[in-house]
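I opened this entry to log what I looked up, one item at a time. The structure goes in first, then my notes.

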Amino acid sequence: MIKNELQDLANVLNNPYGFKTIYRILKKLGAFEIGINRETSTKEDYLTLGRREQGAWLLRCVLNANKNKYIEIVEKESKEN
């Protein structure tokens with residue numbers, strides 16, 4: 001993300017509804033998941049890894065946009081699991 005986009009993301013994260021939305025997107029993308037189900041086909045593994053890569057990218061963007069909100073998101077995930 002470029003600087004203007006990171007600022008936009010920081011603004012979204014500072015809004016309680018925006019924070020919840022970004023957290024839900026991260027969950028949906030599998031940003032917090034580890035490992036691969038070895039029972040799946042290669043195509044499913046590839047799609048899962050692609051989805052997780054997008055989640056990891058968004059999580060890195062959150063870190064670059066607002067370190068405190070990054071910590072808050074990681075702590076929220078840790079409490080829910």
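Accessible areas here come from the Shrake-Rupley method with a 1.4 Å probe, and for residues only the protein chains shown count as cover. With that set, I looked up the accessible surface of the protein chain, and it comes to about 6000 Å². Carbon and sulfur atoms hold 53% of that surface.

I noted the ground rules next. This is a predicted model, where local features need pLDDT of at least 70, side-chain atom pairs count only at pLDDT 80 or more, and totals for chains, interfaces and linings use all residues. Residues are numbered from 1 along each chain as its sequence is written, and side-chain values use heavy atoms, with hydrogens and water left out.

**Entry: whole chain**

I checked secondary structure. Helices (H or I, at least four residues) and strands (E, at least two) are DSSP runs, numbered from the N terminus. The protein chain has 4 helices and 0 strands. Along the sequence I read the pattern α-α-α-α.

I then looked up burial. Buried means under 20% relative accessible area, exposed over 50%, and partly exposed in between (1.4 Å probe, protein chains only). Of the 81 residues in the protein chain, 28% are buried.

Contacts came next, where contact means heavy atoms within 4.5 Å. I took the contacts with a separation of 6 or more, and 57% of them join residues 24 or more positions apart.

**Entry: helix pairs**

Two packed helices are described by the angle between their axes and the distance between the axes. Axes are lines fitted to C-alpha atoms, for helices over the stretch in contact, and angles run from 0 to 180 degrees between N-to-C directions. Angles under 35 degrees count as roughly parallel, over 145 as roughly antiparallel, 65 to 115 as roughly perpendicular and the rest as oblique.

At what angle do α1 and α2 pack? I found about 105°, with their axes 5 Å apart. That makes α1 roughly perpendicular to α2. On the α1 side, the contact uses L9, V12, L13 and N14. On the α2 side, P16, G18, F19 and I22 take part. I sorted them by class: Ala, Val, Leu, Ile, Met, Phe, Trp, Tyr, Cys and Pro count as nonpolar, Asp, Glu, Lys and Arg as charged, and the others, Gly among them, as polar. The contact of α1 with α2 has 6 nonpolar, 2 polar and no charged residues.

I moved on to helix α2 (residues 16-29) and helix α4 (residues 67-80). They pack at about 60°, with axes 11 Å apart. That makes α2 oblique to α4. From α2, the contact draws on F19, I22, Y23, L26 and K27. From α4 come K69, E72, I73, K76, E77 and E80. By class, I read 5 nonpolar, no polar and 6 charged residues in the contact of α2 with α4.

**Entry: single residues**

K27 sits in helix α2. Is K27 buried, exposed or partly exposed? K27 counts as partly exposed because its relative accessibility is 32%. Leaving out residues up to four places away in sequence, K27 touches F32, E33, E77 and N81. I also checked K27 against G55: 28 residues apart along the chain, with C-alpha atoms separated by 7.9 Å.

N4 is in helix α1 (residues 3-14). Its relative accessibility is 57%, so N4 counts as exposed. The C-alpha atoms of N4 and A65 are separated by 9.9 Å, at 61 residues apart along the chain.

L63 belongs to helix α3 (residues 42-65). I read a relative accessible area of 31%, so L63 is partly exposed. L63 and L6 lie 57 residues apart in sequence and 9.6 Å apart in space, C-alpha to C-alpha.
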